Amino acid sequence: MKKVTLSWEEFENVTDAAVRMVFSAWKKGSRNKHGYVPRTFFDDTVISRGAEKSVAKAINRYWDGGYDTYKDSPDVGRNVEVRYCTFDPPTLQIRPNDKVNEECVFFLVTSDFRAGELPVYYVHGYIKGKD
């Protein structure tokens, strides 16, 4: 497991991207495809987008903060999907509608996010799509 702490600047970038993503979804009337209803804005979007940024930082890849892709592009780089988990114990969720291929890699990430503190994430590991 790798511990990743985002800087304030990195987390501000994550938050900006998350806000744009949420407003775009609201304007379109989009809902979570898996039925998840967040308790707060931070539950679903900001913290999970931070998980994407933390994986990018952990594996030294660029994170573009893109949105409106609706599963057409990976979370990080050209083949990395990030799964942020709040379950205890954490479990890696790979869903039937995920585009799994030979090059795809799924990372499991958790966090002990606390408002007002630098965001800390834990990259537990990954599994290759072919496996």
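By class, three nonpolar, four polar and seven charged residues make up the lining of the second largest pocket.

Biologist: How should I read that pocket, and what is its volume?

Modeller: Rolling a probe the size of a water molecule over the atoms shows where empty space is left. Here the model is a predicted one, and the volume of its second largest pocket comes to about 200 Å³. Of the 14 residues in the lining of this pocket, Pro 74, Glu 81, Lys 99, Asn 101 and Cys 104 lie closest to the centre.

Biologist: Which strand does β2 pair with, and how many bridges join the two?

Modeller: Strand β2, residues 80-84, runs parallel to strand β3, residues 105-111, and five bridges join them; Val 80, for instance, has Val 105 as its bridge partner in β3. As for covering, four of the five residues of β2 are buried.

Biologist: Which residues of the largest nonpolar core touch the most other members?

Modeller: That core has 21 residues, and the ones in touch with the most other members are Val 55, Val 82, Val 109, Tyr 121 and Val 123. Two or more residues come from each of α1 (8-28), α2 (41-58), β2, β3 and β4 (120-128), and α2 contributes the most, with six. If we take Val 82 and leave aside residues up to four places away in sequence, its contacts are Ala 51, Glu 52, Val 55, Asp 75, Val 76, Phe 107 and Val 109.

Biologist: What should I look for in the backbone angles?

Modeller: Most residues other than glycine have a negative phi, and most peptide bonds are trans. Asn 60, in the loop between α2 and β2, has a positive phi of about 60° although it is not a glycine. The peptide bond that joins Asp 88 and Pro 89 is cis, with omega about 5°, and Pro 89 is found in the loop between β2 and β3.

Biologist: Why does Asn 60 count as exposed?

Modeller: Asn 60 has a relative accessibility of 73%, so it counts as exposed, the cut-off for that class being over 50%.

Key. Residues are numbered from 1 along each chain as its sequence is written. This is a predicted model: local features need pLDDT of at least 70, side-chain atom pairs count only at pLDDT 80 or more; totals for chains, interfaces and linings use all residues. Side-chain values use heavy atoms; hydrogens and water are left out. Buried means under 20% relative accessible area, exposed over 50%, partly exposed in between (1.4 Å probe, protein chains only). Two strands pair if DSSP finds at least two bridges between them. A nonpolar core is a set of buried Ala, Val, Leu, Ile, Met, Phe, Trp, Tyr and Cys residues joined through side-chain atoms within 4.5 Å. Contact means heavy atoms within 4.5 Å. On a 1 Å grid over the protein atoms alone, a cavity is a set of points where a 1.4 Å probe fits but cannot get out, and a pocket is an open set with protein on both sides within 12 Å along at least five of seven lines; lining residues have an atom within 4 Å of a point. Grid points are joined across faces, edges and corners, and a volume is the space filled by probe spheres set on the points. Ala, Val, Leu, Ile, Met, Phe, Trp, Tyr, Cys and Pro count as nonpolar, Asp, Glu, Lys and Arg as charged, and the others, Gly among them, as polar.
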